[in-house]
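Here's a quick tour of a single model, written for someone who likes to know the cut-offs. Have a look at the structure first, then read on.

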Amino acid sequence: MTAHRVSTRILVGGAALALPFSLAALAPAASADDMTGPFGPACSSVPKDGAGSFDGMAKDPVATAASHNPDLSTLVAAVKKAGLVDTLNNAKDITVFAPTNEAFAKIPKADLDKVLNDKAQLTKILTYHVVGEKATQDKLADGSFKTLEGGMLTTSGSGEKYKVNDTANIVCGNVQTSNATVHIIDTVLMPKS
């Protein structure tokens, strides 16, 4: 009976010692600022090299970097139409929650066309997607952020699954540009009226 207790203690003690080592081996090497590199299911569609790759986007300011991503062409066109390219490219340490083309496609065409032709409304919607601080992955679990539009947006989740305002999923997060952190989302966010 004594031998059984000793082996149980060793087994339990061995398992307790092995656990921290195995977790450390699985943890990504990252700075406290950005936790990890890009994450999410849509990140796999990003080119491996060139201006639209993660390395390429890191060299350009956010509006320019977005223009190299074909999945963000509707957003880029809207940013140009609103006259926000220079504003976004010249800002420092911002976060952009960037809707994909599919996110814009969820809006009925007549409504989208109306917004695209109303510069004030378009600017309000687009600046609601921009936060004046770096909202890196470590801040997304239970985040609340003031947008450039003036409203608040919230984030929640864990691991590689995060939501914005409980409606939009981050499909490729923690993308770095020279002046911004970008979280690509699958739904256009609407500020409160």
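Is Glu149 buried, partly exposed or exposed? With a relative accessible area of 22%, Glu149 is partly exposed; the scale here calls a residue buried under 20% relative accessible area, exposed over 50% and partly exposed in between, using a 1.4 Å probe and protein chains only.

## Ground rules and confidence

This is a predicted model, so local features need pLDDT of at least 70 and side-chain atom pairs count only at pLDDT 80 or more, while totals for chains, interfaces and linings use all residues. Residues are numbered from 1 along each chain as its sequence is written, and side-chain values use heavy atoms, with hydrogens and water left out.

The pLDDT (the predictor's confidence in each residue, from 0 to 100) averages 84 over the chain, and 82% of the residues score at least 70. Residues 1-34 are another story: pLDDT is below 50 there, and the stretch has eight contacts in the model beyond near neighbours in sequence. A contact means heavy atoms within 4.5 Å. Where pLDDT is low, the predicted coordinates should not be read in detail.

## Salt bridges

Side chains of opposite charge can pair when their charged atoms come close. The rule used here asks for a side-chain nitrogen of Lys or Arg within 4 Å of a carboxyl oxygen of Asp or Glu, and the count comes to three salt bridges. Glu149 is in one of them, meeting Lys124 at 3.1 Å, N to O. Glu149 sits in the loop between β3 and β4 and Lys124 in helix α8, so the pair ties together parts that are 25 residues apart in sequence. Lys124 is partly exposed too, with a relative accessible area of 28%.

Asp113 and Lys109 make another, at 2.9 Å from N to O. They're four residues apart in helix α7, which puts about one helical turn between them. Lys109 is exposed at 60% relative accessible area, whereas Asp113 is partly exposed at 29%. Then there's Lys139 with Glu133, whose closest N and O atoms are 3.9 Å apart.

## The sheet

Helices (H or I, at least four residues) and strands (E, at least two) are DSSP runs, numbered from the N terminus. Seven strands form an open sheet with mixed pairing, in the order β2-β1-β7-β6-β5-β4-β3; two strands pair if DSSP finds at least two bridges between them. The edges are β2 and β3, each pairing on one side only.

Follow β5 for a moment. Four bridges join β5 to β4 in the antiparallel sense, with Thr155 opposite Val164. On to β6 (residues 168-176), the pairing is again antiparallel, over two bridges, and Lys163 stands opposite Asn169. Both hairpins have a residue with positive phi: Gly159, near 60°, in the β4 and β5 hairpin with two residues between the strands, and Asn165, near 50°, in the β5 and β6 hairpin with three. In a regular strand the side chains alternate between the two faces of the sheet. In β5, Tyr162 and Val164 make up the covered face, and Lys161 and Lys163 the uncovered one.

## Cores and an aromatic pair

A nonpolar core is a set of buried Ala, Val, Leu, Ile, Met, Phe, Trp, Tyr and Cys residues joined through side-chain atoms within 4.5 Å. The largest has 35 residues, and Val62, Leu88, Ile94 and Leu126 have the most contacts inside it. Helix α4 gives the largest share, five residues. A second, separate core of 14 residues includes Leu140, Phe145, Leu153 and Tyr162.

Which aromatic pair turns up in a search of the whole structure? The search finds one: the rings of Phe39 and Tyr162 have centres 5.5 Å apart and planes at 65°, so the pair is edge-to-face. Rings of Phe, Tyr and Trp (its six-membered ring) pair if their centres lie within 6.5 Å; planes under 30 degrees apart are stacked, over 60 edge-to-face and the rest tilted. Phe39 is in the loop between α1 and α2 and Tyr162 in β5, so the pair ties together parts that are 123 residues apart in sequence. Both residues are buried.

## Around Gly151

Back in the loop between β3 and β4 you'll find Gly151, which counts as buried at 19% relative accessibility. Leaving out residues up to four places away in sequence, Gly151 touches Tyr128, Phe145 and Lys146. Tyr128 is one of the buried residues of α8.
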